[in-house]
Amino acid sequence: GARGIEATWLPLGCDPAVHRPHSVPRDLEVVFVGHVRPFHHRRRQLLDRLAQRCAVHEAQGVFLHDMAARLSRGRIAFNASLAGDLNMRVFEALSVGTFLVTDRIENGQEQFFADGEHLALYDDDTLEDVVAHYLARPELADQVAARGQRLVQRHHTYGNRVDQLLAQVASRTPAREARS
């Protein structure tokens with residue numbers, strides 16, 4: 001970097017033991033599990049716009065297994081980043097196996113996930129069209145969700161992140177003999 005410090009980005013991840021599918025009916029069209037606080041203006045606007053076109057279920061203050069159960073009920077999991085961040089909801093919803101619709105960001109997302117392959121991306125002006133497209137094509141949404149789930153459970157778990165961290169430490173630590 002500019003100050004001569006080597007840095008490696010370790011993104012968030014999922015815990016498949018917690019973020020797992022639950023055997024519940026997919027009885028919610030679009031589900032959002034997360035906070036919509038007064039300063040979340042864009043997220044609130046997007047959810048309100050979406051609610052004019054389909055049934056949107058919002059759940060705040062729901063965590064761990066309860067969150068996974070709620071996400072499991074959705075045909076679509078909705079995400080809107082706060083500041084272009086690749087947030088936990090992306091990894092968690094994918095791990096649960098619910099089809100994810102998330103905003104197109106340029107902060108590492110494109111390194112890991114492909115639009116229409118693992119999840120669906122929207123721009124603020126295309127949100128309703130993207131959601132309608134996949135609600136009308138549940139088999140396609142299920143196929144994409146299954147690929148996204150396999151990807152995160154293989155490569156984006158917290159266990160993977162620990163392994164990556166340890167590999168980084170090992171690659172930067174001189175061998176014991178060299179320190180003698």
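Visitor: What should I know before I start reading?

Guide: The model is predicted, so local features need pLDDT of at least 70, side-chain atom pairs count only at pLDDT 80 or more, and totals for chains, interfaces and linings use all residues. Residues are numbered from 1 along each chain as its sequence is written, and side-chain values use heavy atoms, with hydrogens and water left out.

Visitor: How many helices and strands does the protein chain have?

Guide: There are 8 helices and 5 strands. Both are DSSP runs numbered from the N terminus, helices being H or I with at least four residues and strands E with at least two. Starting at the N terminus, the order reads β-α-β-α-β-α-β-α-β-α-α-α-α.

Visitor: What does the C-alpha trace of the protein chain span along its principal axes?

Guide: About 70 × 35 × 30 Å. Of the 180 residues, 42% count as buried; buried means under 20% relative accessible area, exposed over 50%, and partly exposed in between (1.4 Å probe, protein chains only). Among contacts with a separation of 6 or more, 70% join residues 24 or more positions apart. Contact here means heavy atoms within 4.5 Å.

Visitor: How do I read the packing of two helices?

Guide: Two packed helices are described by the angle between their axes and the distance between the axes. The axes are lines fitted to C-alpha atoms, for helices over the stretch in contact, and the angles run from 0 to 180 degrees between N-to-C directions. Take helix H5 (residues 127-135) and helix H6 (residues 138-155): their axes are 6 Å apart, at an angle of about 100°. That makes H5 roughly perpendicular to H6. On the scale used, under 35 degrees is roughly parallel, over 145 roughly antiparallel, 65 to 115 roughly perpendicular, and the rest oblique.

Visitor: Which residues in H5 and H6 meet?

Guide: His133, Tyr134 and Leu135 in H5 meet Pro138, Leu140 and Ala141 in H6. By class, the residues of this H5 and H6 contact are 5 nonpolar, 1 polar and no charged. Nonpolar covers Ala, Val, Leu, Ile, Met, Phe, Trp, Tyr, Cys and Pro; charged covers Asp, Glu, Lys and Arg; the others, Gly among them, are polar.

Visitor: At what angle do the axes of H3 and H6 cross?

Guide: Helix H3 (residues 88-96) and H6 cross at roughly 115°, with axes that come within 7 Å. Phe91, Leu94, Ser95 and Val96 of H3 make the contact with Gly148, Gln149, Val152 and Gln153 of H6. The classes in the H3 and H6 contact are 4 nonpolar, 4 polar and no charged residues.

Visitor: Is Gln149 buried or exposed?

Guide: Gln149, found in helix H6, is buried, because its relative accessible area is 18%. Leaving out residues up to four places away in sequence, Gln149 touches Pro21, Leu94, Ser95, Val96 and Gly97.

Visitor: Where does Ala136 lie?

Guide: Ala136 is in the loop between H5 and H6. Its relative accessible area is 56%, so Ala136 is exposed. Ala136 and Arg26 are 110 residues apart in sequence and 15 Å apart in space, C-alpha to C-alpha.

Visitor: How do I read a phi value?

Guide: Most residues other than glycine have a negative phi. Leu64 has a positive one, near 50°. Leu64 is placed in helix H2 (residues 64-72) and counts as exposed, at 56% relative accessibility.
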